[in-house]
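Here are my notes on this model. Please read them beside the sequence and the coordinates.

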Amino acid sequence: MTYPTLDSVNATTDVSNLLVYVNTLTNGYAMPTVLFGFFIVTFLGGAFAQMRFRGSARFDAAFAVAGFVTFGFAVLMSLKNGLLNPVYLFISLAVAILGAVWMFFGSE
Amino acid sequence: MAGTIKSFIGGIGLVLIFALALSIFMLNFITTNNPTSNVLNNTDFNASITSLQSSATSLKSVGDTSKSLLTSYQPSPIYLFLIIYSAFAIPLGFLSAMVSGLNAIVTLLVTFIFGQGDSPFSIVIGVINGLLLIGVVLAILDAIRLGRTQS
């Protein structure tokens, strides 16, 4: 496969073509990595914010919130063709459902 | 499985509604804004959504039937029997919806993460699913035996 150069990208119509170019270059791993980083930042941010405000962290609630907002981010990403493989969207949906299950059954 | 069987069944219902709302929101949002998306061509996802919707619909039909039986103006000769039937039909409908909803959620998770077919992960998840269902039935029996179904 020939290496796609930046000249082949028409970024004048849509700037998100640059993101699609990056995702194509990395064999489809760039945007899932961004999604995973978003999930980790939200999860740890929520947990440590709870630790600061409440004194103790509820990891199940932080996980559920992080899964939910990551799913929303993945839905927005999947509006652009070629930006995110649908498998990662479904995995984020599964994580959101798992977070809900953990929150409803794990505590109290 | 903390708490009583009542909170457990309520949690199952909340998770079902949550999964259904997320999935339907995703499908409608993507259909409106990007009809050519690859997400809409996934048959496994459509099967899972149909299963979730059928479980919710069966629960609603059981509720409607019981409501019409209990609020009828014309008491039938077997009215008492109908009351007893409703008392059994509502928990039975909830149990069937819970089982099919659990199956739908597990199918959704397994097919999306591990792919479809008889992979070793699917078999492991199937065994876990069976154990979970047996645990649910035993927990219900235990709750009935100890009289903790209402608290």
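How many helices and strands does chain B have? Chain B has four helices and zero strands.

1. Basis. This is a predicted model: local features need pLDDT of at least 70, side-chain atom pairs count only at pLDDT 80 or more, and totals for chains, interfaces and linings use all residues. Residues are numbered from 1 along each chain as its sequence is written, chains are lettered from A and ligands numbered from 1 in written order, and side-chain values use heavy atoms, without hydrogens or water.

2. Chain B. Its elements run α-α-α-α from the N terminus. Helices are DSSP runs (H or I, at least four residues), and strands are E runs of at least two. Of the 151 residues in chain B, 30% are buried (under 20% relative accessible area, 1.4 Å probe, protein chains only).

3. Length of α3(A). This helix covers residues 59–77 of chain A. At 1.5 Å a residue, its 19 residues should span 27 Å, and the end C-alpha atoms are 26 Å apart, which agrees. The expected span is 1.5 Å times one less than the number of residues.

4. Burial in α3(A). Buried residues include D60(A), F63(A), G67(A), F71(A) and M77(A).

5. Packing. The axes of α3(A) and α4(A) (residues 86–106) come within 8 Å and cross at roughly 155°. Axes are lines fitted to C-alpha atoms over the stretch in contact, with angles from 0 to 180 degrees between N-to-C directions. The two helices are therefore roughly antiparallel (over 145 degrees).

6. Contacts. Among the residues of α3(A) that meet α4(A) are F63(A), G67(A) and F71(A). Those of α4(A) that meet α3(A) include L93(A), G99(A) and W102(A). Contact means heavy atoms within 4.5 Å.

Conventions:
Buried < 20%, exposed > 50% of the residue type's maximum accessible area, 1.4 Å probe, protein only. Parallel < 35°, antiparallel > 145°, perpendicular 65-115°, else oblique.
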